[in-house]
Amino acid sequence: MSSRKPVATIENPTVEEAAEFIKAAVSEHKAVVLVGNCWVNYKGRASSKLEPGERIVIIKEDGSVLVHRPIGYEPVNWQPAGCIFQTSIMGETLRVRAVRRKPAESVTITFDSVFLVSSMRLVDRGEFSLHASESDMQRAILLDPSLLEEGFEPISYEKKVEPGFVDVYGVDRDGRLVVVELKRRTAGRDAALQLAKYIDFVKTLTNRELRGILVAPRLAKGVQTLLASLELEFKVLEPKKCADVLRRSEGRKLEDFFEEK
């Protein structure tokens with residue numbers, strides 16, 4: 001059981017008080033939580049502007065920073081570890097600027113009112129274990145298609161077909177269409193038959209050569225024989241391997257992936 005840690009907190013500070021507090025905490029590599037009304041400007045590989053609103057800003061000891069809205073789990077703006085922070089007063093506002101050199105980019109967060117600022121030194125040595133869900137496996141394959149096989153290129157996911165939704169739909173290195181059905185646990189007879197239904201429907205839409213691949217950690221007894229009779233394939237993929245991909249790709253959205261295609 002961890003002991004109580006000293007936590008420094010100021011409620012409703014002036015912008016001058018908040019600026020000095022943040023400078024001291026960042027210089028000591030402490031975690032900082034800042035709550036108030038702010039707006040955000042990003043400059044770098046692109047540019048963006050977030051209009052004023054009440055938000056939660058987290059500065060971590062590794063130099064990363066996240067801007068959160070009052071709802072939702074994803075930050076609306078963020079910068080990865082290694083940022084240099086510049087804190088200053090501009091008129092009656094507090095400006096916190098997080099700068100990266102490679103690539104050159106910056107996030108500037110400007111507050112006209114601060115409700116709370118807090119700092120603390122945190123220790124976390126706990127090992128992280130994640131067992132991916134089927135949706136996580138789907139996301140991992142879209143982010144790293146080589147998990148399925150080299151040369152695979154996803155076209156879409158959750159593709160609507162007559163019997164349901166195809167988990168991942170794409171093209172292999174030889175130009176053949178590929179329909180992928182994912183299971184996070186042992187894949188049984190039902191999964192093989194479901195994939196067969198998807199393949200039969202897609203065949204009505206195209207004359208291209210088509211492959212059906214069932215992806216799971218393992219197959220139930222007798223399913224390999226059924227797949228062979230249906231001319232379908234099986235590939236082993238452990239959820240833990242997918243979890244590792246998601247961890248490395250933290251912060252990247254599927255929309256970003258398909259914008260690159």
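Modeller: Gladly! Contact means heavy atoms within 4.5 Å, and helices (H or I, at least four residues) and strands (E, at least two) are DSSP runs numbered from the N terminus. This is a predicted model, where local features need pLDDT of at least 70, side-chain atom pairs count only at pLDDT 80 or more, and totals for chains, interfaces and linings use all residues. Residues are numbered from 1 along each chain as its sequence is written, and side-chain values use heavy atoms, leaving out hydrogens and water.

Colleague: Which helix do the buried residues of H5 pack against?

Modeller: Helix H2 (134–143) is the partner of those residues. Buried means under 20% relative accessible area, exposed over 50%, partly exposed in between (1.4 Å probe, protein chains only). In H5 (residues 239–248), the buried ones are Pro-239, Cys-242, Ala-243, Val-245 and Leu-246. They lie on the same side of H5 because they cover an arc of only 160° around the axis, taken from the directions from the helix axis to the C-beta atoms. Lys-240 and Arg-248 are exposed on the other side of H5.

Colleague: And why is strand E10 largely enclosed?

Modeller: In E10 (residues 164–171), 7 of the 8 residues are buried, so the rest of the structure largely encloses this strand.

Colleague: Which residue stands opposite Val-171 in E11?

Modeller: Strands pair if DSSP finds at least two bridges between them. E10 and E11 (residues 177–182) run antiparallel with 4 bridges, and Leu-177 is opposite Val-171. Their hairpin has 5 residues between the strands, with Gly-175 in the turn at a positive phi of about 85°. E9 (residues 153–161) also pairs with E10, antiparallel over 7 bridges, and a hairpin of 2 residues joins E9 to E10.
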